[in-house]
Amino acid sequence: MNLDLKHPMAFVPTMGALHPGHQSLIKIAKTYAPNILVSIFVNPLQFENPIDLEKYPRDLAGDIEKAEGAGATFVWAPTVEEIYPDQPQIISAGELGNKFEGVHRFGHFDGVLTVVKRLFDLTAPEFAIFGEKDFQQLFLIKRMVRDLNIPIEIITAPIIRERDGLAMSSRNVRLSEKGRNAALVISRALSGAATQQNLSAARKALHETLASEKSFALDYAEIIDADTFELATESTMKPRALVAGWVEDVRLIDNMAMKPGAGI
Ligand code: AMP
């Protein structure tokens, strides 16, 4: 495959159905390099649920417009055959790959790391931008880049939210109006927890708020140490709350920094 890319280049990998969250990554990319590559590839390897893969929203024409509007210089939408011409060499996410998101999405992070490595091999960018929205994914990608000595600088982008707090996601379009309202419980629970004075109060507030919305089915709500991804303790300096669950048949995730040293 000859992509004829220009360097230095900052790379923004996505699965398409672009929204302002993705566009914010492109804008950040612009501050690192003059050439911005946006990929649009719905990676079958990271979908443990075939219905989720099938229902994943796709809109290539709209995506090209949004990517270019935000400053992309090259939009690349490869086929599955282009990315995986042969049986791919699976990259294991290790033990952390089976925790939190990994409990509920078996093999998901092996699929994510495998595609990201493959995309990196094909494009060799100087920079790659990933959102904090997928906090565990970001942690695992940074670790892979470090462990495999990949010469790419990983840049982190903050979560972009709707005015009412809902974290932007390609999956939000599948929510009904009622479901979208119910989904607001997630950001409400996270911001409520973030104002608590200590970790146990934050955990309690998080769970109580989430439980108050009957249309929300919790997968997990945990506060972890952002540096290690172990469960946070009272002395953790960078506690981060992670939430995942379902509204209607849509799986939603979100996360937020808790007060630094909140437990001390
Ligand atoms: P996806 O298309 O869902 O694979 O996401 C592509 C990239 O956009 C990932 O690095 C995500 O973390 C990031 N992203 C998705 N939603 C948001 C958001 N609301 N704010 C910031 N980054 C996001």
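The model is predicted, and local features need pLDDT of at least 70, side-chain atom pairs count only at pLDDT 80 or more, and totals for chains, interfaces and linings use all residues. Residues are numbered from 1 along each chain as its sequence is written, and side-chain values use heavy atoms, with hydrogens and water left out.

**Figure 1. Surroundings of the ligand.** The ligand is surrounded by 16 residues, a residue being near a molecule if one of its heavy atoms lies within 4 Å of it. The closest are Met15, Gly131, Asp134, Ile160 and Met168. A nitrogen atom of the ligand lies 2.8 Å from a backbone N or O atom of Met168. In the side chain of His22, an N or O atom is 2.9 Å from an oxygen atom of the ligand.

**Figure 2. The two domains and their contact.** The domain assignment, which comes from an automatic or database source, gives domain 1 (9-157) and domain 2 (170-255). Each domain contributes to the contact, with 20 residues from domain 1 and 20 residues from domain 2; contact means heavy atoms within 4.5 Å. Taken over C-alpha atoms, the centres of the two domains are 23 Å apart. The size of an interface is often given as the accessible area lost when the parts come together. Domain 1 and domain 2 bury about 1800 Å² between them, of which 56% is on carbon and sulfur atoms; this area is the accessible area (1.4 Å probe) lost on putting two parts together, summed over both.

Figure 3. A salt bridge is a side-chain nitrogen of Lys or Arg within 4 Å of a carboxyl oxygen of Asp or Glu. By this rule the count comes to 16 salt bridges, and five are found across the interface of domain 1 and domain 2. Asp52 forms a salt bridge with Arg174, with the closest N and O atoms 3.6 Å apart. The side chains of Asp52 and Arg171 also meet in a salt bridge (2.9 Å, N to O). This pair links distant parts of the chain, 119 residues apart: Asp52 is in helix H2, and Arg171 is in the loop between strand S5 (153-157) and helix H8 (177-194). Helices (H or I, at least four residues) and strands (E, at least two) are DSSP runs, numbered from the N terminus.

**Figure 4. Backbone geometry before strand S1.** Most residues other than glycine have a negative phi, and most peptide bonds are trans. Asp4, which is not a glycine, has a positive phi of about 50° and is found in the segment before S1. The peptide bond from His7 to Pro8 is cis, with omega near -5°. Pro8 is likewise found in the segment before strand S1 (9-14).

How values were computed: A polar contact is a pair of N or O atoms within 3.5 Å; within protein, one must be able to donate a hydrogen and the other to accept it, and residues adjacent in sequence count only if both atoms are side-chain atoms.
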